[in-house]
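Please open the model in your viewer and keep a selection panel at hand.

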Amino acid sequence: MQQCMEYSTESIDMDALSIDSPSSTSSMTPEVKLSTSSGSEAITWPSSRLGSYSSKPHAPSKDACWTAVRQFEAEVGQLRINDLRFIRRVGSGDIGSVYLVEIKGAEGCVFAAKVMDKEELASRWSCLLTEFCPGGDLHILRQRQPDRRFNEAAVRFYASEVVVAFEYLHMMGIIYRDLKPENVLIRSDGHIMLTDFDLCLKCDNSTPIALVKDQGIQTRNSLVVCSVKQTPLSRILPNCKVPNIYCLRPGYMRRKRRLRPGHRGSMDIVAEPIDTRSMSFVGTHEYLSPEIVSGEGHGNAVDWWTLGIFIFEMFYGVTPFRGVDNEFTLANIVARAVEFPKEPAMPSSMKDLINQLLTKDPMERMGSTTGATAIKHHPFFDGVNWALLRCTTPPSIPKPAMHQDMEAAKEDNLKNNVEYY
């Protein structure tokens with residue numbers, strides 16, 4: 001989604017946003033979607049009930065902006081579209097635009113409102129209200145770096161956050177299928193948030209659960225899987241039930257064997273939708289996996305392929321299979337091996353990880369069977385505290401949204417230097 005730096009000191013005309021109520025002769029029902037979990041889900045409400053939403057289970061308990069929504073609802077009543085002040089447009093896409101909005105009377109409580117153009121939607125239009133990410137996307141941020149690329153530490157940080165995002169989505173039976181820097185947003189605290197879930201593949205509720213033991217071998221899928229009864233995820237997580245795994249039976253830990261020196265002996269739960277298949281041709285050309293290009297059908301392994309492309313682009317500033325046009329790009333994806341530029345020099349651990357993620361055969365690709373568990377144990381991520389990842393200091397922390405408006409002129413100059421594929 002290309003970023004548009006268009007600013008206005010006055011409220012934007014509601015009619016110009018294509019969010020005016022439909023005529024009385026129309027049978028369409030206007031809808032506003034209010035995000036419920038940092039952009040990953042949305043609950044649809046009629047526009048007259050914008051303030052009636054469910055709680056945000058994954059948001060910080062003292063999120064000031066969402067607290068303002070609840071306070072507005074308690075003191076004034078239901079939040080309506082006219083209660084939002086449109087500040088400026090921050091981006092545009094194929095079927096709509098994204099605006100920075102503020103709740104009237106709640107200064108500083110800003111959100112991102114994605115407004116769909118009525119002309120692009122045959123039967124309805126809608127507006128999605130979600131968390132505003134003042135850092136923009138990783139594509140823009142990369143272009144601001146020296147030589148338009150990230151250093152090793154920054155690549156490791158952003159890649160690790162994408163890994164845990166994929167781990168969560170796959171656990172929920174969702175295959176993302178559209179990873180690229182433009183779809184990775186930088187939140188106000190510098191951590192990332194995935195966006196644009198329109199290409200996701202939603203599986204059924206039978207994602208298998210497995211308990212795996214780390215054997216200290218960082219190859220594609222070489223984690224030892226304990227005896228597991230294939231239990232649907234929906235039967236385990238909601239009620240905190242323990243799967244039928246012999247490693248968790250009473251007395252098992254008392255009979256543990258002596259481990260060799262340096263062996264971590266950690267246990268990990270794996271929930272990967274390995275049985276899901278799709279024949280759709282979806283994604284961004286430079287990030288498409290070989291199985292999508294060839295039309296052989298694809299599954300969860302496509303996300304781990306895109307992670308390899310993502311890491312490559314973050315470090316080198318270009319994607320590995322890009323050709324002179326889309327046809328050549330697709331041919332390169334299927335037939336050409338990964339080639340690493342001599343400069344800048346890539347660490348051997350990063351190169352090994354990319355090679356394992358960009359394996360042409362999805363069955364041999366790292367992560368295809370044990371998901372994020374195998375990837376987390378790769379040497380490239382040594383030193384990453386996965387349990388406290390959200391407490392890690394990000395490489396870049398964006399300035400507050402309102403402060404950015406004061407630097408509109410500088411940003412307007414930058415947009416002319418940003419390259420889009």
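Throughout this tour, buried means under 20% relative accessible area, exposed means over 50%, and partly exposed means in between, with a 1.4 Å probe and protein chains only. The model is a predicted one, in which local features need pLDDT of at least 70 and side-chain atom pairs count only at pLDDT 80 or more, whereas totals for chains, interfaces and linings use all residues. Residues are numbered from 1 along each chain as its sequence is written, and side-chain values use heavy atoms, with hydrogens and water left out.

**Whole chain**

Colour the chain by pLDDT, the predictor's confidence in each residue, from 0 to 100: the average for the protein is 74, and 63% of the residues score at least 70. Select residues 1–33, where pLDDT stays under 50 and where the model has 88 contacts beyond four places in sequence, a contact being heavy atoms within 4.5 Å. Residues 36–57 also have a pLDDT below 50, and this stretch has 61 contacts in the model beyond near neighbours in sequence.

Switching to a cartoon, you will find 10 helices and 14 strands, taken as DSSP runs (H or I of at least four residues for helices, E of at least two for strands) and numbered from the N terminus. Of the 421 residues in the protein, 50% are buried. Among contacts with a separation of 6 or more, 65% join residues 24 or more positions apart.

**Ser280**

Select Ser280, in the loop between β14 (267–271) and α4 (290–294). Show its contacts, and apart from neighbours within four places in sequence you will find Arg177, Ile292 and His298. Gly297, 17 residues away in sequence, has its C-alpha 7.4 Å from that of Ser280.

**His191**

Next, centre on His191, in the loop between β9 (184–186) and β10 (192–194). His191 counts as buried, because its relative accessibility is 7%. Beyond four places in sequence, its contacts are Phe157, Glu161, Leu185, Ile186, Leu389, Arg390, Thr392 and Pro394.

**Helices α3 and α5**

Two packed helices are described by the angle between their axes and the distance between the axes. Here the axes are lines fitted to C-alpha atoms, for helices over the stretch in contact, and angles run from 0 to 180 degrees between N-to-C directions. Select α3 (residues 152–171) and α5 (residues 301–316), whose axes come within 10 Å and cross at roughly 165°. The two helices are therefore roughly antiparallel, a label for angles over 145 degrees. On the α3 side the contact includes Tyr158, Val162 and Phe166, and on the α5 side Leu307, Phe310 and Met314 are among the residues involved. By class, this contact has 12 nonpolar, 2 polar and 2 charged residues, where Ala, Val, Leu, Ile, Met, Phe, Trp, Tyr, Cys and Pro count as nonpolar, Asp, Glu, Lys and Arg as charged, and the others, Gly among them, as polar.

**Helices α5 and α7**

The contact is made by Trp304, Trp305, Leu307, Gly308, Ile311, Phe312 and Phe315 of α5 with Met350, Leu353, Ile354 and Leu357 of α7. These comprise 10 nonpolar residues, 1 polar residue and no charged residues.

**Met366**

Finally, select Met366, in the loop between α7 (348–357) and α8 (372–376). Met366 counts as buried, because its relative accessibility is 0%.

How values were computed. Angles under 35 degrees count as roughly parallel, over 145 as roughly antiparallel, 65 to 115 as roughly perpendicular and the rest as oblique.
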